[in-house]
Amino acid sequence: MKKIMSFKELDILSEKFSDYAEENTTIALIGDLGTGKTTFTKTFAKKLGVEESIKSPTFNYVLEYFSGRLPLYHFDVYRLCRAEEIYEVGYEDYLNSGGIVLIEWADIIKSELPKEYIEIKLFYHEDETREVELRYIGNPVKEKEMLKYVGFSNWYCYKDRKCS
């Protein structure tokens with residue numbers, strides 16, 4: 001399902017996902033440079049209770065945060081040449097470690113993502129808005145539950161940006 005969202009609405013969505021996420025949740029963030037992946041991650045982490053300053057792990061591939069409700073493993077795979085390279089940083093160990101795996105540029109490692117994961121695609125729309133597409137890959141029942149939880153299933157936006 002897709003929606004046009006303001007940055008404020010996107011922050012609210014990120015906070016709802018932080019509340020929704022449970023142990024062993026994988027979130028795949030997909031979008032071009034500047035669409036809001038790192039901003040989404042920072043808002044998500046803050047709502048999760050992460051106290052550290054969130055940085056983009058572009059040169060480390062993964063940064064770990066343990067101060068929140070659950071451990072957060074923040075991946076940025078932009079610099080990978082091949083999807084299989086993700087295993088060089090212990091990727092498989094993070095997937096079922098009881099935390100949340102959040103991956104920026106996840107389309108680069110799509111072949112290596114788990115069977116079930118949350119996919120969030122961010123697209124440019126206008127200067128102050130983004131088009132957002134949400135899916136729960138591999139589990140249609142969880143997708144319906146997720147869309148309802150984050151308030152995405154019954155959202156209608158009109159040309160004047162009034163949404164209900």
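## Overall fold

Read along the sequence, the elements of this protein come in the order β-α-β-α-β-β-α-β-β-β-α. That makes 4 helices and 7 strands. The model is predicted.

The C-alpha atoms fill a box of roughly 45 × 30 × 30 Å along the principal axes. For 164 residues, a compact globule would have a radius of gyration near 15 Å. The protein has 15 Å, so the value agrees with that of a compact globule.

## Inside and surface

How much of the protein is buried? Buried residues account for 48% of the 164 residues. Contacts also reach across the sequence. Among contacts with a separation of 6 or more, 61% join residues 24 or more positions apart.

The protein exposes about 8800 Å². Carbon and sulfur atoms supply 49% of that area.

## Charges

The protein carries 23 positive and 29 negative side chains. The centres of the two sets lie 6 Å apart. Side chains of opposite charge can pair when their charged atoms come close. Here the count of salt bridges comes to 8.

## A link between distant parts

One of the salt bridges joins Glu22 and Lys142. Their closest N and O atoms are 3.4 Å apart. Where do the two partners sit? Glu22 is in the loop between helix H1 (7-20) and strand E2 (25-31). Lys142 is in helix H4 (residues 140-149). The pair links distant parts of the chain, 120 residues apart.

## A link between two strands

Glu119 forms a salt bridge with Arg135, and the closest N and O atoms are 3.6 Å apart. Glu119 lies in strand E6 (residues 117-126) and Arg135 in strand E7 (residues 129-137), so the bridge ties together parts that are 16 residues apart in sequence. Glu119 counts as buried because its relative accessibility is 1%. Arg135, at 35%, is partly exposed.

Glu84 is partly exposed, with a relative accessible area of 42%. Arg82 is partly exposed too, with a relative accessible area of 47%.

How values were computed: Residues are numbered from 1 along each chain as its sequence is written. This is a predicted model: local features need pLDDT of at least 70, side-chain atom pairs count only at pLDDT 80 or more; totals for chains, interfaces and linings use all residues. Side-chain values use heavy atoms; hydrogens and water are left out. The radius of gyration is taken over C-alpha atoms; the globule rule is 2.2 Å times the number of residues to the power 0.38. Buried means under 20% relative accessible area, exposed over 50%, partly exposed in between (1.4 Å probe, protein chains only). Contact means heavy atoms within 4.5 Å. Accessible areas come from the Shrake-Rupley method with a 1.4 Å probe; for residues, only the protein chains shown count as cover. Lys and Arg count as positive and Asp and Glu as negative; His and the chain ends are not counted. The place of a charge is taken as NZ of Lys, CZ of Arg, CG of Asp or CD of Glu. A salt bridge is a side-chain nitrogen of Lys or Arg within 4 Å of a carboxyl oxygen of Asp or Glu.
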